[in-house]
Amino acid sequence: MSKIMIVNLPVRDLMASTAFYVALGGNVNAQFSGEKSTSLMFSESVGVMLLTHDHYKEFTKRPIGDARRDSQAMIVLTVGDRDSVDATLASAVAAGGRADPNPAQDLGFMYNRHVEDPDGYVWEIVWMNMEG
């Protein structure tokens, strides 16, 4: 069996967050989505599960942190070329994201920018020249 990585995120507004993650490139998996959650797949092996705060609390006793205030993680999404970094960011911003909460980096062999989702989770959109 192949492994699948799924990032579970508590969200304040499920519809707004779903629109953001579709714009970021995710495809809704209706089989695992409903009124309290949305499952999105970015590839055959990487997905994001958005859960309302009440639903998320069913799985943990820990309090939900404020990603708008504290950096908890930076999640990286790779794209195929430099132009796709900017295009993906623009699409995510049009769907409610905030561009460049961290500075962009252009190292020649790697180019990245960041976008913050409606709940404050930061995604790093990266192109890397894997050929050296």
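## Salt bridges across the chain

Arginine 12 and aspartate 119 form a salt bridge whose closest N and O atoms are 2.9 Å apart. This pair links distant parts of the chain: arginine 12 belongs to the loop between strand 1 (5-11) and helix 1 (14-23), while aspartate 119 belongs to the loop between strand 8 and strand 9, 107 residues apart. The model described here is predicted. Arginine 12 is partly exposed, with a relative accessible area of 43%, whereas aspartate 119 is buried at 3% relative accessibility. A network of salt bridges links Arg12, Asp66 and Asp119, and the structure holds eight salt bridges.

Side chains of opposite charge can pair when their charged atoms come close. Glutamate 58 and lysine 36 provide another case, their side chains meeting in a salt bridge (3.8 Å, N to O). Glutamate 58 counts as exposed, at 52% relative accessibility, and lysine 36 as partly exposed, at 45%.

A further salt bridge joins the side chains of aspartate 86 and arginine 113 (2.9 Å, N to O). Because aspartate 86 lies in helix 3 (residues 82-94) and arginine 113 in strand 8, the pair ties together parts that are 27 residues apart in sequence. Aspartate 86 is partly exposed, with a relative accessible area of 30%, and arginine 113 is buried, at 17% relative accessibility.

## Aspartate 117 in the strand 8 to strand 9 loop

Aspartate 117 is placed in the loop between strand 8 (110-116) and strand 9 (122-128). Aspartate 117 is buried yet has no salt bridge, and the nearest side chain of opposite charge, arginine 68, is 6.8 Å away.

The side chain of aspartate 117 does make a polar contact with the side chain of tyrosine 21, at 2.5 Å. The aspartate 117 side chain also reaches the backbone nitrogen of glycine 120 at 2.8 Å. Apart from neighbours within four places in sequence, aspartate 117 is in contact with Phe20 and Tyr21.

Strand 3 (residues 37-41) is mostly covered, with five of its five residues buried. In a regular strand the side chains alternate between the two faces of the sheet. Ser37, Ser39 and Met41 point one way from strand 3, Thr38 and Leu40 point the other way, and all are buried.

Strand 3 pairs in the antiparallel sense with strand 2 (residues 27-28) over two bridges, and methionine 41 is the bridge partner of asparagine 27. Antiparallel pairing also joins strand 3 to strand 4 (residues 46-52), here over five bridges. Methionine 41 stands opposite glycine 47 in strand 4, and a hairpin of four residues connects strand 3 to strand 4.

Leucine 50, found in strand 4, is buried with a relative accessible area of 0%. The C-alpha atoms of leucine 50 and serine 39 are 6.4 Å apart in space, and the two residues are 11 residues apart in sequence. Leaving aside neighbours within four places in sequence, the contacts of leucine 50 include Leu9, Val11, Leu14, Tyr21, Lys36, Ser37 and Leu40.

Histidine 55 has its place in helix 2 (residues 53-56) and is buried, with a relative accessible area of 15%. Beyond neighbours within four places in sequence, histidine 55 is in contact with Lys36 and Ser37.

How values were computed: Residues are numbered from 1 along each chain as its sequence is written. This is a predicted model: local features need pLDDT of at least 70, side-chain atom pairs count only at pLDDT 80 or more; totals for chains, interfaces and linings use all residues. Side-chain values use heavy atoms; hydrogens and water are left out. Buried means under 20% relative accessible area, exposed over 50%, partly exposed in between (1.4 Å probe, protein chains only). Contact means heavy atoms within 4.5 Å. Two strands pair if DSSP finds at least two bridges between them. Lys and Arg count as positive and Asp and Glu as negative; His and the chain ends are not counted. A salt bridge is a side-chain nitrogen of Lys or Arg within 4 Å of a carboxyl oxygen of Asp or Glu. A polar contact is a pair of N or O atoms within 3.5 Å; within protein, one must be able to donate a hydrogen and the other to accept it, and residues adjacent in sequence count only if both atoms are side-chain atoms.
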